[in-house]
Amino acid sequence: MKEVFTTCSFCGCGCEICVTGAGEEITRVIPSFSNRVSRGSLCMKGWRTGEIYCNSNRIARPLIKVNGTLKESSWEAALDFIAKRFSALTDKDRGVGVIGSAKITNEESFLLNKFARQVIKTNNIDSAFTLNYAPIFEKISELHFSLTMDDLEKSDLVIVIGSNIGVEAPQIARRVLRAVDKGAKLIIVNALRVPFCDIADLFVQTKPDGFKDIKEVKSFFNQARNPIVIVGEDIFKGPNANDDFAAVVETFKDKVFPIFNVNNILGALANGVSPYIDASILEQKFKITSPKTKGLNLFEMRDAAATGSLKCLYVVGENILESMGDLNRTRAALERLEFLIVQDLFLTETAQLAHVVLPACGALEKKGHFINMEGKIQQVNPILSPYGESKPDGQIILDLAKKMDCPLPYANVESISNEISDLYLLSDYQDMKIDLPVETISSDYPLWLKVDSPRVFFHSGSLLKNSAILLREMEPSVVLMNSDYAKEKQLKGNDKVKLVSKSGTLVRNVLISEEIPKNILVLRTNLSDNSHTALLPVGLKWTVVKLEKLQ
Amino acid sequence: MDGGEIGEASMKIKLIKEANVSEWLNGIIKKYKVMAPTKIGKNDFAFKAVKSAGDVSLEFLNPIISPVKDYLFPEKEVMLTYRKNGNSWDVESNLVDQEMVLFGLRSCDLAAMLFMDKFFLEGFKDTYYEVKRKNLITVVMSCREPMETCFCVCADCGPSSKEGFDLQLTELDGQYLVEIGSAKGEELVKLGSSFFSDASERNLAEKERIMEETKYNKFKMPTTYFSKAVRHVTTDDISENVWNKLGSRCMSCGSCSYVCPTCTCFTVYDEGDLTEGKRVRTWDSCMYGGFTREVSGHNPRAVQKERVQRRYYHKLSYYYLTKMGCHGCVGCGRCVISCLGGIDMSMVSKAARRNE
């Protein structure tokens, strides 16, 4: 048995964990006491790290689809198959897309970037950063990703806009409570009550698309000496995400602290896994030659797949079928692909649609770095040997490049770490607006619907649902509504209703909750069922619906 | 335990020079498996199996997981392995029957062990705990520099142990006073008999003086609320408002249960499949909703506030005090470090006392 200190692979806080284990077995995961982020504490996800990664549901060998069924194969056969299919494709700059992961290391994101642009020769490369935080691009030059947890603890006014921080980023929530205990004022701005409302000095309940109207908060902000403004998922995935986030940045300027509930979301961006980085910068900083054709983001890739102009997609560690939203159209788009490669730890819903599945190592099986939400670079160290025949994502990319007769000149991760250190691209993105759906209630769709994450969640849930204890935390998915509204519609608890949005339908039982405003419904979800994503527009967790009572 | 305990009246006391401790410890390591505080990572500590006294750092901060809990009731324990063999099963237990010296543990953790003994050994005996416990030899190191989160004084569990140890070392000027608590402890002393000299009543008085001084001058936590908190929790006169606020702060991470050395809840599951696998027990937490949810879906502790309330009731109420003979809190301060919500024994005690 040995102990290894490494960085937790769940939310963007980036706790340091001390993992004890050997071979393929983890016996203990505890927080580092001396580390400045974890300081002796982990959230529910962090404590279950061992159970999640050392799990017999992991994919042990490459899989190739034969007559509609995924069958185990050797690495040699799988990589050969991929290389042949790639070489048969024409128009690769338009026809192939690459989706990176917010969970792989910086080094692996760098390799994926290089692989996409130089080996495949496409700029169609994107990651969950766009998926979850697209509104940031409009104001990216004003954000420096440099506010720290220590700044937070020292502030005298904390404004939390659109986040249930205790669920999204527990170490951030811990600092907020510390600041409050030391006398800071706490203001919560949200369309729905969150647990911290009970201890807040002020709760400003906004309309779901009305975060712009926060004059009252502005006056508190102006009087504070050292204010900080935390912005979370309800803004980034809200019904009017771009405008709301832009308004927040215009109001609160450099005091805005966007929180990331996925660990290495900044690592993907900082290493150019994005269609929005300039070719000249990639050339200059990373020595990467890009093709001329403008790249598509992941929403555009999905649409291009739906029309048939994108023929092949290489998806690394992202369960896009379930994380993107608009489930039915996303599924149809993925099913239309001529060739889908998925590289992941588990046979996710996306992987099940793939023509080839490549087994990747988890965070406890590889070496590299993550960047947390404060922009701090943290070390990732291996403790386990790779599960089955799985390989680190970076190694798979290197092997694939070699197989495609275009080897990338790296022997190991260390040589890549040296090449990219201090060359990150975070400050090289230009402000630009990404098209996101804007949702508004109307006579056709008169109700707001928030798809609420479970008490413990991480991205699409494909990792967490491998922990029995975390699954045990899940409660049945129901739709919560205010009793006045229920009365008006002659509904009571446990009645079955059908929710209809522009993109899909869903049947759920009713649960009455007095905490919810009258024209909002909240859909409680859980890790084991993602069918609710059928209701959502791409990239959002809010939508508008109508409701039908079922007998 | 059956180690042949020595009564307080006949407690033997010895002295060993600080400079000789390493050599004595090396002698112990030759004969026994020894776990002692070592530095790991950048600035963390853990009790690990040591190969020589050189691996040990006696100037340590008590690790976030109690060494007694870590050893006797670990985070993940393989109880048995199974393998299908024709029509029957080969089942092997993973019990290791080997003596082990835990060198340098703190008095709070010793108190926690005595508490765990009651849970695991009284009435139904938990074999996994029992086998390890009967083989465990404890060498307590009195605490002269408590951490700023410590409040053992108010739980009456430190900074030095009164009973239950095999040996207890207290640092005096350039030497250690060694209190021998059992025949097993005496065996350890014999392994280095040339290093030990007899101590006098004066040395013992000096130890008491130093410990009193530590008690009064070195603890930073507000500790005087504890007994009042016990009363308020027992009589249940704490307002709903207090529990509401605590419930809103709790992020149900479970850290409090995991780091608490008197928390003994676990869950059991199987890893593997129907042909081969292992049965594992792992720590569980009453802070989780799923911990109490019934098959019907009904949850007697439906919201977080009720879970927090229940935890403190369990730790402090007079009912458990009479049942277990002591509080469910030894004042180690780990919950003060670990709770994401900043809810900990001292904060709850304070809130209970002020009732706001």
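## A seven-stranded sheet in chain A

Let's start inside chain A of this predicted model, with an open sheet of seven strands. Reading across, the order is β5-β4-β15-β14-β13-β6-β7, and the pairing is mixed. The edges belong to β5 (69-72) and β7 (125-126) of chain A, each with a single partner strand, so one side of each has no neighbour in the sheet.

Which sense do β14 and β15 of chain A pair in, parallel or antiparallel? They run parallel: β14 (residues 339-344) and β15 (residues 356-359) of chain A are joined over four bridges. If you want one pair to look up, take A:Ile341, whose bridge partner in β15(A) is A:Val356. As background, strands of a sheet pair through backbone hydrogen bonds, either parallel or antiparallel.

## Chain A as a whole

Step back, and chain A turns out to have 22 helices and 23 strands. Its radius of gyration is 23 Å, close to the 24 Å that the globule rule gives for 551 residues, so chain A is as compact as a globular protein of that length. Along its principal axes, the C-alpha trace of chain A spans about 65 × 55 × 50 Å.

How much of chain A is buried? Buried residues account for 58% of its 551 residues.

Most residues other than glycine have a negative phi, and most peptide bonds are trans. Here are some spots that go the other way.

A:Asp91 has a positive phi, near 55°. You'll find A:Asp91 in the loop between α3 (75-88) and α4 (92-95) of chain A. Is A:Asp91 buried or exposed? A residue is exposed if 12 or fewer other C-beta atoms lie within 10 Å of its own, and A:Asp91 counts as exposed because it has 12 such neighbours inside 10 Å.

A:Asn494 also has a positive phi, near 80°. This residue is in the loop between α22 (483-488) and β20 (496-500) of chain A. With 10 C-beta neighbours inside 10 Å, A:Asn494 counts as exposed too.

## Where the two chains meet

Now for the partner. The contact between the chains takes 34 residues from chain A and 32 residues from chain B. On the chain A side, five elements each supply at least two residues: β1 (2-7), β3 (25-31), α1 (44-47), α9 (170-181) and α21 (468-472).

Which element gives the largest share of the side of chain A that touches chain B? That is α9(A), with six residues. By class, this side of chain A divides into 17 nonpolar, eight polar and nine charged residues.

## Chain B and its two domains

Chain B is divided into domain 1 (8-217) and domain 2 (226-354). Their C-alpha centres lie 26 Å apart, and 36 residues of domain 1 of chain B are in contact with 29 residues of domain 2 of chain B. On the domain 1 side, the elements giving two or more residues are α2 (67-72), β4 (76-85), α3 (107-121) and α5 of chain B. That side of domain 1 has 23 nonpolar, five polar and eight charged residues.

B:Pro159 is in the loop between α5 (152-155) and β8 (167-171) of chain B.

## A covered helix in chain B

Take a look at α14 (residues 345-354) of chain B, which is mostly covered, with seven of its 10 residues buried. Among them are B:Met345, B:Met347, B:Val348 and B:Ala351. What do the buried residues of α14(B) pack against? They pack against α8 (226-235), α9 (240-249), α11 (304-316) and α13 (334-338) of chain B. After α14(B) comes B:Asn355, with a positive phi near 55°.

## How confident is the prediction?

The model scores ipTM 0.93 and pTM 0.95. For chain B, the average pLDDT is 92, and 96% of the residues score at least 70. Where pLDDT is low, the predicted coordinates should not be read in detail.

Methods:
Residues numbered from 1 in each chain as written. Chains lettered and ligands numbered in written order. Predicted model: local features only at pLDDT ≥ 70, side-chain atom pairs only at ≥ 80, totals over all residues. Contact = placed C-beta atoms within 7 Å. Nonpolar A, V, L, I, M, F, W, Y, C, P; charged D, E, K, R; others polar. Buried ≥ 20, exposed ≤ 12 C-beta atoms within 10 Å, placed from the backbone. Rg over C-alpha atoms; globule rule 2.2 N^0.38 Å. Domains from an automatic or database assignment. pLDDT = per-residue confidence, 0-100. Pairing = 2+ DSSP bridges.
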